[in-house]
Each structure stands twice: as structure tokens, then as C-alpha cells.
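This report covers the strand pairing, the nonpolar cores and the salt bridges of one protein model. The sequence and structure are shown first.

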Amino acid sequence: MKTMKILVVDDDPLLRSLLSRFLKDYRDVQVSGMVETGNEALLKARESMPDIVIMDIQLPDTDPPTLIQKLRAISSSVKVYLCSAYPDEKVQTMVDQIGANGFVSKSNLKEGLSHILQSERSGTSV
């Protein structure tokens, strides 16, 4: 099975730590970076070429549509999932509008990550 490289982008150190801990449970996942800002995400994406980016919808230096566009300029095949504490319906509308691949709720993080990884392994959309 191919190893999936995942880049985590969130300005909350606790959430980055939690995501990293959850992702370490998967043998076919490698955390390619844990960064705080959109600019750091772009630098790390150029360096590590992640398969998946999980990013907070509120970053201090950019907005999701701009960051997604720049990430896809680096790698057109990168999958981008938004991470949010907002209600699912509001985030799903944003996902659809900006072309993200899906989202994971911060209130249901472990299960959401599992669902994303299963979808990516099977090639189905979330």
C-alpha cells in the first residue's frame, strides 16, 4: 500500500499535536509537516509534495480559496480537506464553493480522519 503524505496546517498547537497523534496510528500515513500559517504550508508543500493537506479554515495570513489555489499550483493532484469547528452544513457549502475535497469537524476529529483516509485509499470522494 502506498504511503500517504499529509501536511497539517493549523495555527492551534494543540490541534496540530492531536492530529499528529491520530495520524501516527496509521501505518500507511506519513506526516510530512505540521505548520501554523499558509506561507509555511506553501514552503513545506514545495519541499515535501504532500498527497493530502488538512487545513484550518481560519489561518492568520490567508484564506482557504487562495491557499488551495496556490497549493494546487505546486501539485495539481493534492487533496485539500478543511478542518473546522463550525457546523457541518456551513463548512460543506464552503467546501463546495472553493473546490476543497471535503472537511473534517474538529468535534469529531478521529472519526473524520478515518473517513478521509478510507476514502483516499479507495479512491472515492468524501
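A nonpolar core is a set of buried Ala, Val, Leu, Ile, Met, Phe, Trp, Tyr and Cys residues joined through side-chain atoms within 4.5 Å. Buried means under 20% relative accessible area, exposed means over 50%, and partly exposed lies in between (1.4 Å probe, protein chains only). The model is predicted: local features need pLDDT of at least 70, side-chain atom pairs count only at pLDDT 80 or more, and totals for chains, interfaces and linings use all residues. Residues are numbered from 1 along each chain as its sequence is written, and side-chain values use heavy atoms, with hydrogens and water left out.

**Cores**

The largest nonpolar core has 20 residues, and V9, V53, M55 and L71 have the most contacts inside it. At least two residues of this core come from each of strand 1, helix 2, strand 3, helix 3, strand 4 and helix 4 (88–98). Helices (H or I, at least four residues) and strands (E, at least two) are DSSP runs, numbered from the N terminus. A second, separate core has 17 residues, including M4, I6, V8 and C83.

What is V9 in contact with, leaving aside its neighbours within four places in sequence? The residues are V35, T37, A41, V53, I54, M55, D56 and L59, where contact means heavy atoms within 4.5 Å.

Strand 3 (residues 52–56) is mostly covered, with 5 of its 5 residues buried. In a regular strand the side chains alternate between the two faces of the sheet. Here I52, I54 and D56 lie on one side and V53 and M55 on the other, and all are buried.

Two strands pair if DSSP finds at least two bridges between them. Strand 3 pairs in the parallel sense with strand 1 (residues 4–9) over 4 bridges, and M55 is the bridge partner of V9. Strand 3 also pairs in the parallel sense with strand 4 (residues 79–84), over 5 bridges; there K79 is the bridge partner of I52. With helix 3 (residues 64–74) between them in the list of elements, strands 3 and 4 make a right-handed β-α-β unit. A crossover is right-handed if, with the strands pointing away from the viewer, the path from the first strand over the helix to the second runs clockwise.

**Salt bridges**

Side chains of opposite charge can pair when their charged atoms come close. A salt bridge is a side-chain nitrogen of Lys or Arg within 4 Å of a carboxyl oxygen of Asp or Glu. The structure holds 8 salt bridges, among them the following.

| Pair | N to O distance |
|---|---|
| K110 and D25 | 4.0 Å |
| E47 and K44 | 3.0 Å |
| D56 and K106 | 3.3 Å |

D56 lies in strand 3 and K106 in the loop between strand 5 (102–105) and helix 5, so this pair ties together parts that are 50 residues apart in sequence. D56 counts as buried at 7% relative accessibility, while K106 is partly exposed at 25%. D10, D56 and K106 are linked in a network of salt bridges.

E47 and K44 are 3 residues apart in helix 2 (residues 38–48), a separation of about one helical turn. E47 is exposed, with a relative accessible area of 60%, and K44 is partly exposed, with 22%.

For the pair of K110 and D25, K110 counts as partly exposed at 42% relative accessibility and D25 as exposed at 53%.
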